[in-house]
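Here are my notes on the charged side chains and the strands around them. Please read them beside the model.

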Amino acid sequence: MKQKEIIELELKANSLREKILEMIVKANSGHLAPAFSIIELLTVLYYKILNINPAHPVWPERDRFILSKGHGCAALYAILAEKGFFPLDALFTFCQPGSILGSHPEMQKIPGVEASTGSLGHGLSIAVGISLAGRFDRRDYRTFCLVGDGECNEGSIWEAAMSASHHKLDNLTAIIDYNKLQASGTVKEVLSTHPMEEKWRAFGWKTVEVDGHNIKEVFNIFKKTPFKKGKPSAIIAHTVKGKGISFVENEVSWHTLIPNNQEYELAKNELRKRNAKLSSKIKKAE
């Protein structure tokens, strides 16, 4: 990927953060920090990797993406709207009466959402089923599933991991948002999943680690999937919860906090300053 493309995706990711901030503040509801940690991962997936067609959201040959950590849905909604699955104006009805965009994704309501998620631990099992269905139907689509590191406390994650390995689902990739925090504390304090990479490898997955905010690294890793024939792929993405807003980053309390007016202005200014810098870099790269 050329340097200009990398910067353009960085700008896209940062602009998406600004949309998410506006959505959540307007709704006075949502999970800001969990959405911010996954923005670069979703940006690369949706703009460079997934074979999808917004005009035909249920096209049988499409690649599938499942957001198992459904509370981070504001990030997914912002990207789906940007890609044209539904109008951008709908973003600002987030969590309001009558909106299709609730606090967790619903596949029956939202074009582009492949599974209703939010009850933690279920998404990977759904992804295993979809991957098996692809094999049975002799279709070449791939399935990507993003899970939280705190979500990996759920036993159902490891049941799904065993099943995927047993069935040699090399059309399945799990992305672990390894930001080291969960709702009530650090992952290490609540129920440690360390060493994460070794656990997935022990369950029969081919695993790699990546800086989940480095666009170039993330792109190069995604392009290599599947990592090994006959094995599901696991990407351990090291991320920062709340990435992009200095006073939100790595703060446990911001799992559910909504910015007040002063915090909103500070956050918006930080994001806009970064947008300006990235825009300037793009011009220089032209």
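**Notes on buried charges**

1. Asp177 is buried, at 0% relative accessibility (buried is under 20% relative accessible area, exposed over 50%, partly exposed in between; 1.4 Å probe, protein chains only). Lys69 is buried too, at 3%. Their side chains meet in a salt bridge, 2.8 Å from N to O (a side-chain nitrogen of Lys or Arg within 4 Å of a carboxyl oxygen of Asp or Glu). Asp177 lies in strand 3 (residues 172-178) and Lys69 in the loop between strand 1 and helix 4, so the pair ties together parts 108 residues apart in sequence. Helices (H or I, at least four residues) and strands (E, at least two) are DSSP runs, numbered from the N terminus.

2. The model is predicted: local features need pLDDT of at least 70, side-chain atom pairs count only at pLDDT 80 or more, and totals for chains, interfaces and linings use all residues. Residues are numbered from 1 along each chain as its sequence is written, and side-chain values use heavy atoms, with hydrogens and water left out.

3. Glu151 is buried yet has no salt bridge. The nearest side chain of opposite charge, Lys69, is 7.7 Å away (Lys and Arg count as positive, Asp and Glu as negative; His and the chain ends are not counted). Glu151 sits in the loop between strand 2 and helix 6 (155-166).

4. The salt bridges number 13. One of them joins Glu18 and Arg272, with the closest N and O atoms 2.6 Å apart. Glu18 is buried at 11%; Arg272 is partly exposed at 42%.

5. Glu114 and Arg62 also form a salt bridge, at 2.7 Å from N to O. Both residues are buried.
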